[in-house]
Amino acid sequence: MFTLVPWREDLDLDEFYAEASRRGVDNNSSQKRMVDFLNAEDHWGAWVLYQNSRAMGFVSAHSFNNVMGPNSYRICVRTCILPHERKYKAVISARRAIAEHQNLTSQYFIPQCIEWAGKDNNLYITSNENSDGSQKLVHTIFFPTLEKTGVMTRISDIHYRNTDQTVWQLNTKQFLEELAAAPKWQ
């Protein structure tokens with residue numbers, strides 16, 4: 001069973017950080033890298049995904065007004081799902097599963113970020129071609145697949161947080177409609 005828990009400083013994530021570090025997922029290898037940078041943001045939220053009481057994923061979101069204008073939020077920030085914990089290991093490369101929202105990001109992370117930021121606001125996700133974690137696969141497979149379905153729109157390429165990134169806008173209404181029609185994970 002999967003459970004999303006709001007991040008708190010007193011959560012014991014040492015095992016999660018160590019595994020992220022071991023796997024080269026540097027942005028999720030410590031509280032400093034994964035969460036502390038958010039303190040510079042006007043508004044932010046962060047969540048830890050547990051499977052059977054074991055931390056196995058993370059996602060955060062923050063205000064994005066300074067980049068994309070009023071009522072804008074950057075969601076799915078520092079998204080991480082430890083590969084050895086995934087029940088469905090092929091999801092990241094399976095375009096059909098991505099398009100049908102049969103993955104942890106679509107089932108848990110994006111809905112949590114929408115709930116936090118508000119479905120009527122402008123929601124953006126950034127990706128890049130860095131090799132950290134599975135970022136390159138997200139950039140070249142996950143978002144282009146969702147763009148073909150109309151759930152994501154590629155907005156622009158920017159230099160943000162010392163990295164060349166692509167900004168994608170979530171078509172929130174379409175995403176929520178498709179997710180409501182999709183099989184739900186327990």
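1. Contact here means heavy atoms within 4.5 Å. The model is predicted, and the contacts below are computed from it.

2. Ser 63 sits in strand β3, which covers residues 54-63. Its relative accessibility is 6%, so Ser 63 counts as buried, the cut-off being under 20%. Setting aside neighbours within four places in sequence, Ser 63 is in contact with Glu 41, Asp 42, His 43, Ser 72, Tyr 73 and Trp 116.

3. Glu 129 belongs to the loop between β5 and α6. When residues up to four places away in sequence are not counted, Glu 129 touches Lys 136 and His 139. The C-alpha atoms of Glu 129 and Asp 164 are separated by 8.3 Å, although these two residues are 35 residues apart along the chain.

4. Helix α7 spans residues 172-181, and its buried residues are Thr 172, Gln 174, Phe 175 and Leu 179. These cover an arc of only 160° around the axis, which puts them on the same side of α7. An α-helix has 3.6 residues a turn, so residues three or four places apart point the same way.

5. What does the buried side of α7 pack against, and which exposed residues are on the face turned away from it? The face turned away from the buried side carries the exposed residues Lys 173, Ala 180 and Ala 181.

6. The chain has seven helices and seven strands. Read from the N terminus, the order of elements is β-α-α-β-β-α-β-α-α-β-α-β-β-α. Of the contacts between residues at least 6 apart in sequence, 63% join residues at least 24 apart.

7. For 186 residues, a compact globule would have a radius of gyration near 16 Å; the chain has 15 Å, which agrees. The C-alpha trace spans about 35 × 35 × 30 Å along its principal axes. Buried residues make up 49% of the 186 residues.

Methods. Residues are numbered from 1 along each chain as its sequence is written. This is a predicted model: local features need pLDDT of at least 70, side-chain atom pairs count only at pLDDT 80 or more; totals for chains, interfaces and linings use all residues. Side-chain values use heavy atoms; hydrogens and water are left out. Buried means under 20% relative accessible area, exposed over 50%, partly exposed in between (1.4 Å probe, protein chains only). Helices (H or I, at least four residues) and strands (E, at least two) are DSSP runs, numbered from the N terminus. The arc is that of the directions from the helix axis to the C-beta atoms. The radius of gyration is taken over C-alpha atoms; the globule rule is 2.2 Å times the number of residues to the power 0.38.
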